[in-house]
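Me: I am new to this structure. Please walk me through how to read it.

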Amino acid sequence: MSTTPHTGARRATGTSAAVGFLIVMEFGSGLLQGWYPPLLTSIGEEHGTSAAALNWVNAIFLLASVACVPIIAKLGDMYGHRRMLVASAAAVAVGSFVVAFAPSFAVLLVGRALQAPLIAFLPLEFAIVRHRDPGRAGRNIGRLIGALTGGVIVGGFLAGWFMTRIDNLTLVLLVPGIMMAICVPVAHFLVQETTVRKEGRIDWAGAALLSSGLLMVMGGVSNGNAIGWASPLIVALVAAGVVTLAAFVVLENRVTNPLIDFRVLKQGRLVLPMLIAALLGAQSFGSQAPISLFSRADPNAYGYGLGVTATVAGLLLSITATGAFIASTISDRIARTLTPRFAVVFGALVSAAGYVAMLVAHASVVTFSIWLFLVGFGAGLLAGVVPAIIVNRAPEDSVGIASGLYNSSRTGAGSVAGAMFALLMSSLVTSVTVGEKTSSVSSFTSYATVWAICAALCIAIAALAPFLDSRRPRTTSENPVLPAGDNEPAPV
C-alpha cells in the first residue's frame, strides 16, 4: 500500500514531463513556420527565382497539408496519436533536410510539401494531453497554442538574425531539420501512447481526388501567363481539376468515412463560419510572402520596398505574430464584451485598416511595423473567436470533424490565395537595372493589389459577421432555450 503514492507521483511526473515536451515541440513547430518567410529573398537569390514564384514556398506547404492532415489525424485515432506524431516529425525532418540541400527550386518545393505533416502536430497533441491528463486538458491545450504562436515570433526573428550573421543559406535552413530530427526519438521514448482506438477506414480515394484536383487547378492557373491562357494544356488542366474537385465533393457525400465530412456543415449550419474561416486564411496566409519580399526589396534599385536586412525582416514578421498572440489571448474577453459576431467585425476591420494603411504609407520601417501589428492583431482576434463559434455551433458528436473542416478551410484558402497572388505578381512586372543587368521584377502595383485584395477580404468578413449565430443548434432531445441577445452572448 505504501507504494501507491510513489506510483502516483511518478505517473504525475511522467505526465508533466510529456506535456512539457509537447509544449516545447509545438514551440518548435511555430519556430519552423516562422523560419521561412524572412528567408524568401535569400532563397530567390540562391535559386534564381522570381518574387512571384516564391509565393509557392508557402502555398505548396499549405496545399499539401489540406490533403495530409485529415489522414494523419484519422490514423492517430485508429493506430495511436504518439505513433503518428513521431512519424509526422520524421517526415518534417526529412522535408527540412531536402529544403536545406535542394539543388533546385523545384526540389525545394518538394521538401516544403514533405513538411506538411507539421500542421497535424496540434490535433495529435490535443488528443495526447486529453488522454494523459483530462482534468488539465483545457489548460494544456492553451499552453500548446501559446507555444505555437511564441515559436512563430521567435522563428521569424532568429531566421533573419542567423542569415545576417552566418550568410550561408544552407546552414540556416538546416536548423529546423536538426531540431525536428532530435524531436523524433525524444517523442518516441518520452511520450506515452494513447490507448483509445476508433474503428473506421481511411478515405484514400477522397485524398487522391482532393490533392490531384487542387494540383491540376493551381498548376494550370500558375502557368497561364507563361504558356498562354488559350493553350489546350492550360484549359485541360483547369477543366480536369474542376471536374476532379466536383467528383471529390460527390464522393465525400456518399462514403461512410469521408476525408472531409460536408454533412456536418448542414447539421450545424456552419457554412457561413467556414466561409469566414476561408477568407481569414486567404488574407493571412496569402499575404505572408508578399510582405516579406516587400520588406527586403531595395528602394534604390526597385523604386519601392524597405530595404531591410533579413534580421529586420524577421523582426517585422514577428511583430505581426505578436499582434496575433496578444489578440488571440484576449479574444474570449473581447467576444464577451462585444458579442462574438461583432468581435469578428472588429477584428476584420482592424486588419482591413492595416492593409489600407500599407497602401498609403509604406516607406518607413516604423510606420510599416505599426500596420503589420494591426494586421496581426485583427487576424489573431479572428483566429480566436471564429473557431469558438464553429465549435459551439457544431453538433455534439461532430466537434472534432468541424474543427478539422475549419483547419482545412483556412489552409486550403491560404494555398489558393498564395497561388493567385503568385500569378498576380508575375503579371504585373516592371524592368529595373542593377549595375549593368536589366531584369523584370514584380512592380509595386502588384504588391499594392495584393494588399487591396486582402483589405477587401477583411471587409467581406466584416460584412458577413453580423449574420453569424454563435448558439448551438437545438436537438430534439434538448429543451427549448431563449435566444442569446446582443448584450448577453452565448458562451463561446
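This is a predicted model: local features need pLDDT of at least 70, side-chain atom pairs count only at pLDDT 80 or more; totals for chains, interfaces and linings use all residues.

Me: How many helices and strands make up the secondary structure?
Reply: The protein comes to 21 helices and two strands.

Me: What share of the residues is buried?
Reply: Buried means under 20% relative accessible area. Of the 492 residues in the protein, 51% are buried. The accessible surface comes to about 21,400 Å². Carbon and sulfur atoms hold 65% of that surface.

Me: Which residues have the most contacts inside the largest nonpolar core?
Reply: A nonpolar core joins buried nonpolar residues through their side-chain atoms. The largest one here has 141 residues. Val 344, Met 358, Phe 368 and Trp 451 have the most contacts inside it. Helix α3 (residues 56-79) supplies the largest share of this core, 14 residues.

Me: What does Phe 368 touch?
Reply: Leave out residues up to four places away in sequence. Phe 368 then touches Ile 291, Phe 294, Leu 306, Met 358, His 362 and Trp 451. Two of these names, Met 358 and Trp 451, are also on the list of residues with the most contacts in the core.

Me: Where is Ala 64, and is it buried or partly exposed?
Reply: Ala 64 lies in helix α3. Its relative accessible area is 22%, so it is partly exposed. Buried would need under 20%. Ala 64 touches Ala 113 and Ala 116, not counting residues up to four places away in sequence. Also compare sequence and space. Ala 64 and Leu 214 are 150 residues apart in sequence, yet 9.5 Å apart in space, C-alpha to C-alpha.

Me: How do I check the length of a helix such as α16?
Reply: Compare its reach with the span expected at 1.5 Å a residue. Helix α16 (residues 310-329) has 20 residues. From first C-alpha to last, α16 reaches 28 Å, close to the 28 Å expected.

Me: Which residues of α16 are buried?
Reply: Among them are Ala 310, Ala 313, Gly 314, Leu 317, Ala 321 and Ala 327. Thr 311, Ser 318 and Thr 320 are buried in α16 too.

Me: Why would residues three or four places apart in a helix point the same way?
Reply: An α-helix has 3.6 residues a turn, so residues at that spacing point the same way. Now take a case. Asp 332 and Arg 336 are four residues apart in helix α17, so about one helical turn separates them. Their side chains meet in a salt bridge, at 3.1 Å from N to O. The count for the model comes to one salt bridge.

Me: Are those two partners buried or partly exposed?
Reply: Both are partly exposed. Asp 332 has a relative accessible area of 34%. For Arg 336 the value is 46%.

Me: What lies 8.8 Å from Asp 332, C-alpha to C-alpha?
Reply: Ala 388 does, 56 residues away in sequence. Ala 388 is found in helix α19 (residues 365-393). At 16% relative accessibility, Ala 388 counts as buried.

Me: Which residues form a nonpolar patch on the surface?
Reply: Ile 178, Ile 182, Val 186 and Leu 190 do. Together they have about 320 Å² of accessible area. Leu 190 is found in helix α8 (residues 169-190). With 36% relative accessibility, Leu 190 is partly exposed.

Me: Which residues have a positive phi although they are not glycines?
Reply: Asp 167 is one, at about 55°. Thr 339 is another, at about 80°. Asp 167 sits in the loop between α7 (137-166) and α8. The loop of Thr 339 is between α17 (331-338) and α18 (340-360).

Me: Which of these is buried and which exposed?
Reply: Asp 167 is exposed, at 62% relative accessible area. Thr 339 is buried, at 4%.

Me: Where is Val 429, and what does it touch?
Reply: Val 429 is in strand β1 (residues 429-434). Val 429 touches Val 441, Ser 442 and Ser 443, not counting residues up to four places away in sequence. At 43% relative accessibility, Val 429 is partly exposed. Val 429 and Ala 52 are 377 residues apart in sequence and 9.6 Å apart in space, C-alpha to C-alpha.

How values were computed
Residues are numbered from 1 along each chain as its sequence is written. Side-chain values use heavy atoms; hydrogens and water are left out. Patches are made of residues with over 30% relative accessible area and no salt bridge: like charges are joined within 9 Å, nonpolar side chains (Val, Leu, Ile, Met, Phe, Trp, Tyr) within 5 Å. Accessible areas come from the Shrake-Rupley method with a 1.4 Å probe; for residues, only the protein chains shown count as cover. A salt bridge is a side-chain nitrogen of Lys or Arg within 4 Å of a carboxyl oxygen of Asp or Glu. Buried means under 20% relative accessible area, exposed over 50%, partly exposed in between (1.4 Å probe, protein chains only). A nonpolar core is a set of buried Ala, Val, Leu, Ile, Met, Phe, Trp, Tyr and Cys residues joined through side-chain atoms within 4.5 Å. Contact means heavy atoms within 4.5 Å. The expected span of a helix is 1.5 Å times one less than its number of residues.
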